[in-house]
There are 2 protein chains.
Amino acid sequence: MKVVCLGSGNVATHLASAFKASGADLIQVYSKTLANAHALASVLNSQAIDNLQLLNREADLYLISVSDDAIAGLVGQLNWLKGLVVHTSGATSLSVFEDQGISHYGVLYPLQTFSKSRPVDFQTIPLCLEAGTSEDLQTLHLAAATLSTLVYNVSSADRKLLHLAAVFACNFSNHLYHLSADLLARNHLSFDLLKPLILETAAKVQSAKPYDVQTGPAIRGDEATMNRHLELLQEEPVLTDIYKTLSKSIKKTYL
Amino acid sequence: MKVVCLGSGNVATHLASAFKASGADLIQVYSKTLANAHALASVLNSQAIDNLQLLNREADLYLISVSDDAIAGLVGQLNWLKGLVVHTSGATSLSVFEDQGISHYGVLYPLQTFSKSRPVDFQTIPLCLEAGTSEDLQTLHLAAATLSTLVYNVSSADRKLLHLAAVFACNFSNHLYHLSADLLARNHLSFDLLKPLILETAAKVQSAKPYDVQTGPAIRGDEATMNRHLELLQEEPVLTDIYKTLSKSIKKTYL
């Protein structure tokens, strides 16, 4: 399988590398910044380009992994391609491809958080697929199955909900980790002390429902402890706001 | 070492079981509800009591693992004990023991989230210790080191901060997991799809700083995606409030 990668960010890097590792031929990397295209292309042993007219016409799969607001502009310039063109965005509808004259198109959304420096095991990453026709979906399925054992058909509407749920479960949780690390650092305490707790909290919900394993003062209705916490936070308006908002939601959940 | 456990909840169960597994003799379990004392005592092969006057006077260590607001009342009735009396609360100061006539006292706070049905590896749980005298601290250190390799001396003030940070990192994260699971369930989508993401998010910060691995629309300043998310949440005032509060904090953090 010949693959062209459009984009050079975190998702592009991990996805293109995973295709390469699964045996695909990564023939080109496009970025509007040639240096960025080069950085990824050198790892993948492929050609770096910054001009869409140089795109290889023989590829089977074109992966668009650019920022959400750049997808539509790129799609509008790809109507001459014959291979399958997919974007990898959770928040962008399949309809971005409609009426753009692209023959074969779809979505391959890997539901994971990527950092360039950290390797990930693609086999355990859910891949959410959608395509313009059932034939294109089947082609995409075959390609995705070379990367992961967790391949799902997900509509644009459902994918947007998944993306939103992922913001709560991942982006917001990571920010809470940061806020707690920062609170500890400002008091000369090590974040290392919290790491086993963070890992166990995430490990627990792999088998239990989060609803069933909630702990802490809010679910116990322990107002004395919550008031002491708010006292500790009296110079911290942002943390106070978050503490109150989430505690209120916990109390409401278990009313 | 002879240990008496006062309390029969999650922390009591895990801590007493860990002492038992490390070779200690769990001679008694006290609970004001005898059936609860029996339930734990039967696992530990120890005596169940619901009357403090029946407490064995020969124990080396008395573990008070009851709800925070019950600690002071219990401590007031234990002034005749000669062994080391410790509570296990993150949010309760060492001073709860002062002027109560107890000879030897301290705190053993395991920084972890416990559910009765889920086994935990105590060796990797940070144990935060404090005691009334350096001799008692040394005794407590020897006892704690039989359970975990991560034993720290932590003052009451620092322990309260750790407990507060743990609420952000653990209790609030778990609630976010629940909110996302609930959002998916109401839309007939499986929470399984988010599980690898949740685990990876927690695994990432075992080696990276949470500040450095933040992802999502808020850190990108991607207002278009955030507005689409808020549209999806327009019938969900609680989720909208949390989404706005946490996104605002992320944007402020990376200004």
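**How chains A and B meet, and how chain A is built**

Tutor: In this predicted model, the contact between the two chains draws 77 residues from chain A and 77 residues from chain B.

Student: Why are E3 and E8 of chain A called edge strands?

Tutor: The sheet in question is open, has eight strands in the order E3-E2-E1-E4-E5-E6-E7-E8 (chain A), and shows mixed pairing. Strand E3 (47-49) and strand E8 (151-153) of chain A each pair on one side only, and they are the edge strands. Neighbouring strands of this sheet are turned by 25° against each other on average, direction ignored.

Student: How do you know that strands E5 and E6 of chain A pair?

Tutor: Two strands pair if at least two bridges are found between them, and strand E5 (residues 84-87) and strand E6 (residues 104-110) of chain A have four bridges, so they count as paired, in the parallel sense. Along this pairing, A:Val86 stands opposite A:Gly106 in E6(A).

Student: What are the domains of chain A, and how far apart do their C-alpha centres lie?

Tutor: The domain assignment gives domain 1 (2-154) and domain 2 (160-253) of chain A, and their C-alpha centres lie 35 Å apart. Six residues of domain 1 of chain A are in contact with five residues of domain 2 of chain A, and the domain 1 side of this contact has four nonpolar, two polar and no charged residues.

Student: What makes a residue of chain A count as buried, and what percentage of its residues do so?

Tutor: A residue is buried if 20 or more other C-beta atoms lie within 10 Å of its own, and of the 255 residues of chain A, 50% count as buried. The secondary structure of chain A comes to nine helices and eight strands, and its C-alpha atoms fill a box of roughly 65 × 35 × 30 Å, taken along the principal axes.

Key. Residues are numbered from 1 along each chain as its sequence is written. Chains are lettered from A and ligands numbered from 1 in the order in which they are written. This is a predicted model: local features need pLDDT of at least 70, side-chain atom pairs count only at pLDDT 80 or more; totals for chains, interfaces and linings use all residues. Two residues are in contact if their C-beta atoms, placed from the backbone, lie within 7 Å. Helices (H or I, at least four residues) and strands (E, at least two) are DSSP runs, numbered from the N terminus. Axes are lines fitted to C-alpha atoms, for helices over the stretch in contact, and angles run from 0 to 180 degrees between N-to-C directions. Domain bounds come from an automatic or database domain assignment. Ala, Val, Leu, Ile, Met, Phe, Trp, Tyr, Cys and Pro count as nonpolar, Asp, Glu, Lys and Arg as charged, and the others, Gly among them, as polar. A residue is buried if 20 or more other C-beta atoms lie within 10 Å of its own, exposed if 12 or fewer, and partly exposed in between; C-beta atoms are placed from the backbone.
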